[in-house]
Amino acid sequence: MKKILSLLLASCMAFSLVACGGEKQQNLGDGQSTGTNVKNELVIGSTSDLNADMMSGWTNISTNKQIKSLINENGASTVVFTKDGTFQVNPSVTEKLETIENEDGTKTFKVTLVDGLKWSDGSSITAKDYVFAALLTNSPEFGALDADNFSGQDYVGFEEFNAGETKTFKGVNLIDEKTFSFTAKADKFPFYYEITLASASPYPMSVIAPEVEITDDGSGATLSDNFTVELLQKTINDPKTGYRYNPQVTSGPYKFVSFDLSSNQAVLEINENFCGTYDGVKPSIQKLIFKKVTDATQMDELKAGSVGLIAGVSGGTAINSGLDLVDEGVAAYSSYPRAGYGKIIFACNHGPTQFQAVRQAIAYCIDRDEFAKEYSGGFAKVVDGYYGLSQWEYKDNKDAIADKLTHYTLNLEKAEQLLVEDGWTLNKDGKEFVKGTDDVRYKKVDGQLMPLVIEWANTPNNPVSDLISRTLPDSMAQIGMKLNSTTVEFGVLIQNVQQAGGEQKYHMFNLATGFAPQSAVWYYYNKDLKTYGGAYNQAFIADDQLHNIAQEMRAVKSGDNETWSKKWLELEIRWNELVPELPLYSDEYHEFYTPNLKNYTPDGLWSTEKAIVYASMS
């Protein structure tokens, strides 16, 4: 017998008037309707570069991620992340969700869509578009475009479909025009984020695969044979018309208008056919313009009015400049603890940084408290693990974190001791290293002498890179380590991080981490580097204990926050010992904006792209 647990959304009645196709809209206050007749615009400045990727699967640059969320991923999703920090079914999209427990231990999540869902061009969104999105993004054809293609690995039949052994994805079913289902593998349960297995967003099949058919005889959704790499090269990868670069049919609160590489500027406009957020809101700011700004001039642009919002501002110089504008009455601001941190990330699979003792020794070569103070002007704290100060798990374990995690700080004696104990006791000739005579330590690795030389890739015009350059090399030199610095553009650095295996030359990078609402540590610290290295496991660390704790976290029963919190602490303790990354600062983020921007309430997990949908211009 199959036990059917039907979750009929009690909130559907309350939200029926704001689902797609409805006429009424929620009012946001300040006299601003959420209708689309308000013609205004907001220029959003970002110190991060933009690139042309407007579709998920390739790069994950922060500003592009915001844009992708606004045009698609924050649109007609069946499950959403809410303001109160939880995942829930999206009543603006999902009429009914049924969870079916099958005899073999698998679970089927059956989704029935609300009536009237529309793409930005006015055409209907149907169940076929959701099924197509699952088939597309897990197909070998999508992978052949150098895209990530394993988001559906939790579902039955993924391996065979992903390998190209069949055109049928057994765990994905197209039932009718309004209904589809996903069936997750038995060994994926229990799962702390179980509801996310029912999460799906659509892609327009009529645009990306116009001649392709999907059939389903009950044994899984099947793509017709004309779904090919050649087709996707044309519909997705064409630099002018491909969906990756020019997505003209979308489901989010905004629709894509243009991107200009020369000016590093992207333009979005309201999607009049957006179905509304989970709580019934539609955007009111007619046009959003994302543009590149520099640290040196961003506040001048805000004062002059050429930028209306600068999000995620960190560093004491920038924050104090923004607060000066607030004192002058020409700007407003919000501040909150960052859900993330700035960091040094190590390549843990090659070179000297493959050794835990070397990573720990580098951590003892820098005064992180002073570093954070100097960089942030007092608007940051130092964290000792893989967490941000706004996360509930940190708040739940704050005392234990302070007691059980090592607070790495400047201690060259300790650093040198770690290196000696780890075998870095030789010079270039294989004889005993003599401090004051020899410059660089060596160690016998696989019968060969390995120099203790760290290759560091960093980006230009980066105050964090500048501060590292002023503090770290001298400390390392005092204990027989050498730091070689190479400056590359941001896109090149990201490319090197993602390819840090094999012949990669760099051992160390400085970047930043922002924590997702669903922190999938079972991917980030999975020891299967062939599958997860680079895209998820950026440190390329393959530690059995860390891997096992992460997998155990995944298997915590949904809603069991106590067990999750305990496992989270176990992971933090082991992570702190391994030092795959070295957190340098966790900011108090500031966002500065024109006083005309109203109802804008970002926080550590309610980011710019979510908060802006609720905002309005006076």
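Analyst: A sorting rule comes first: Ala, Val, Leu, Ile, Met, Phe, Trp, Tyr, Cys and Pro count as nonpolar, Asp, Glu, Lys and Arg count as charged, and the others, Gly among them, count as polar. Note also that this is a predicted model.

By that rule, the lining of the largest cavity divides into six nonpolar residues, two polar and one charged. The residues in question are Tyr386, Gln391, Glu393, Phe515, Ser519, Val521, Met553, Trp564 and Trp568. Glu393 counts as charged because Glu is on the charged list. The space that these residues line has a volume of about 70 Å³. A search of the whole structure finds three cavities of 30 Å³ or more.

The second largest cavity has a volume of about 40 Å³. Its lining consists of Arg368, Asp384, Tyr408, Trp575, Asn576, Val579, Glu581, Leu582 and Pro583. Two elements, α20 (561–578) and β24 (581–593), each give two or more residues to this lining. The largest share comes from β24, with three residues. Sorted by the rule above, the lining of the second largest cavity has five nonpolar residues, one polar and three charged.

Next come the pockets, which are open, whereas a probe cannot get out of a cavity. The second largest pocket holds about 500 Å³ of space. It is lined by 22 residues, and the closest to its centre are Gly85, Thr86, Tyr192, Tyr193 and Trp392. The elements that give two or more residues to this lining are α12 (392–396) and α20. The most comes from α12, which gives three residues. By type, the lining of the second largest pocket divides into 11 nonpolar, eight polar and three charged residues.

One further residue can be looked at by itself. Thr196 is placed in the loop between β9 (179–184) and α6 (205–208). Is Thr196 buried or exposed? Its relative accessibility is 13%, so Thr196 counts as buried; the cut-off for buried is under 20%. Leaving out residues up to four places away in sequence, Thr196 touches Phe87, Tyr155, Phe191 and Gln518.

Definitions and conventions: Residues are numbered from 1 along each chain as its sequence is written. This is a predicted model: local features need pLDDT of at least 70, side-chain atom pairs count only at pLDDT 80 or more; totals for chains, interfaces and linings use all residues. Side-chain values use heavy atoms; hydrogens and water are left out. On a 1 Å grid over the protein atoms alone, a cavity is a set of points where a 1.4 Å probe fits but cannot get out, and a pocket is an open set with protein on both sides within 12 Å along at least five of seven lines; lining residues have an atom within 4 Å of a point. Grid points are joined across faces, edges and corners, and a volume is the space filled by probe spheres set on the points. Helices (H or I, at least four residues) and strands (E, at least two) are DSSP runs, numbered from the N terminus. Buried means under 20% relative accessible area, exposed over 50%, partly exposed in between (1.4 Å probe, protein chains only). Contact means heavy atoms within 4.5 Å.
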